[in-house]
Amino acid sequence: MNPGLVTLHVWRVPRRAVPGVPARMATHPARLRRLPGVRFAKLLGTGTGTGFGPGDADLTRWAALVVWDSPADADGFDASPVARSWARIAHAAVRVDLRPLTSRGRWSGREPFGAPSGGRVTGPVLALTRARLRARRAATFWRAIPPVAAELHTAPGLLARFGVGEAPLGWQGTVSVWRDPADLVAFAYRSPEHRAAITRTPTEGWYAEELFARFAVGDVVGDRTVLGWAAAEGDPETSRGYA
């Protein structure tokens, strides 16, 4: 069964609050999964998106990806102990509502976004990649990433991008937001470095588990700059989606 809604919550915390983050990262994942209506949830660290590993970590930005039974269940998140705890230390936050379009692969042995059948999209889309690296192949993977990251940074239609991970090493992922589906497809299949990485993936055997998903972006509520998404002049801080 496909989810009722997927939400991405991202918090920006001041450096003075960073010492309080490890306790939240240790205790909140289980609490998050126990919230009413939650099918699947991950609490994630983030990175700049220019590489992978501890050197790319952004200790002032943290995220939660939550798959819900219904939008009504998702509406209760802000009142939950987990959300209130992050709100106490964050100086900026954003929530992105997402509708799954396609999903291939597994995350922690599950298919969290069901089997979405696509659909017409006339506005921004979000791409999520996530992989658990094979330890013996990690070094070759990390060497292959910088050219792809550099190409992504200058890709037409890219609105925001950052790294995500459940741990600093071995559990790697990316979030990227695109102006429309055509821009995402152009980067994924026509950019030389990314095409080369796709070609190498099955032969290199980098991943013990992988997932790639695309979503239509619905409401974006809060400060989009937390995502690295700079709003155009005159845009409101709280914007409605186009899906």
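User: What does the secondary structure of the chain come to?
Analyst: In this predicted model, the chain's secondary structure comes to six helices and eight strands.

User: And how do the elements run from the N terminus on?
Analyst: Starting at the N terminus, the order is β-α-β-β-α-α-β-β-α-β-β-α-α-β, so a strand opens the chain and a strand also ends that order, as the definition of helices and strands is applied here.

User: How much of the chain is buried?
Analyst: Of the 243 residues in the chain, buried ones make up 51%. As for the surface, the chain exposes about 11700 Å², and carbon and sulfur atoms supply 55% of that area.

User: What share of the contacts joins residues at least 24 apart?
Analyst: If you take the contacts in the chain between residues at least 6 apart in sequence, 76% of them join residues at least 24 apart.

User: Let's look at one helix. Which residues of H3 are buried?
Analyst: Helix H3 covers residues 81-89, and its buried residues are Val82, Ala83, Ser85, Trp86 and Ile89. These residues cover an arc of only 160° around the axis, which puts them on the same side of H3.

User: Which exposed residues are on the face turned away from that buried side?
Analyst: That face of H3 carries Pro81 and Arg88, both of which are exposed.

User: What do the buried residues of H3 pack against?
Analyst: They pack against strand E1 (5-12), helix H1 (21-33), strand E2 (38-47) and strand E3 (57-68).

User: Since E3 came up, how many of its residues are buried?
Analyst: E3 is mostly covered, with ten of its twelve residues buried.

User: How does E3 pair with E1, and over how many bridges?
Analyst: E1 and E3 pair in the antiparallel sense, over eight bridges, and in that pairing you can find Leu5 with Trp68 of E3 as its bridge partner.

User: How many bridges join E2 to E3?
Analyst: There are nine bridges between E2 and E3, and these two strands run antiparallel. To locate the pairing in the structure, you could look for Leu44, whose bridge partner in E3 is Ala63.

User: How many bridges join E2 to E6?
Analyst: Three bridges join E2 to E6, and these strands also run antiparallel, with Gly47 standing opposite Gly163 in E6. Strand E6 itself spans residues 158-165 and is mostly covered, as six of its eight residues are buried.

User: Moving on to loops, where does Asp69 lie?
Analyst: Asp69 lies in the loop between E3 and helix H2, which spans residues 71-75. With a relative accessible area of 41%, Asp69 is partly exposed.

User: What does Asp69 touch, not counting residues up to four places away in sequence?
Analyst: Leaving those sequence neighbours out, Asp69 touches Gly4, Gly37 and Arg39. Between Asp69 and Gly37, the C-alpha to C-alpha distance is 5.1 Å, although the two are 32 residues apart in sequence.

User: What about the loop between E4 and E5, where does Glu111 come in?
Analyst: Glu111 lies in that loop, which runs between strand E4 (92-105) and strand E5 (125-133).

User: What is the phi of Ser108?
Analyst: Ser108 has a positive phi of about 55°, although it is not a glycine. Ser108 lies in the loop between E4 and E5, and at 41% relative accessibility Ser108 counts as partly exposed.

User: Phe187 next: buried or exposed?
Analyst: Phe187 is buried, with a relative accessible area of 10%, and its place is in helix H5, residues 181-190. The C-alpha atoms of Phe187 and Glu151 are separated by 8.7 Å, and these residues are 36 apart along the chain.

User: Last topic, rings. How many aromatic pairs does the count come to?
Analyst: The count comes to five aromatic pairs.

Terms used: Residues are numbered from 1 along each chain as its sequence is written. This is a predicted model: local features need pLDDT of at least 70, side-chain atom pairs count only at pLDDT 80 or more; totals for chains, interfaces and linings use all residues. Side-chain values use heavy atoms; hydrogens and water are left out. Rings of Phe, Tyr and Trp (its six-membered ring) pair if their centres lie within 6.5 Å; planes under 30 degrees apart count as stacked, over 60 as edge-to-face and the rest as tilted. Helices (H or I, at least four residues) and strands (E, at least two) are DSSP runs, numbered from the N terminus. Buried means under 20% relative accessible area, exposed over 50%, partly exposed in between (1.4 Å probe, protein chains only). Contact means heavy atoms within 4.5 Å. Accessible areas come from the Shrake-Rupley method with a 1.4 Å probe; for residues, only the protein chains shown count as cover. The arc is that of the directions from the helix axis to the C-beta atoms. Two strands pair if DSSP finds at least two bridges between them.
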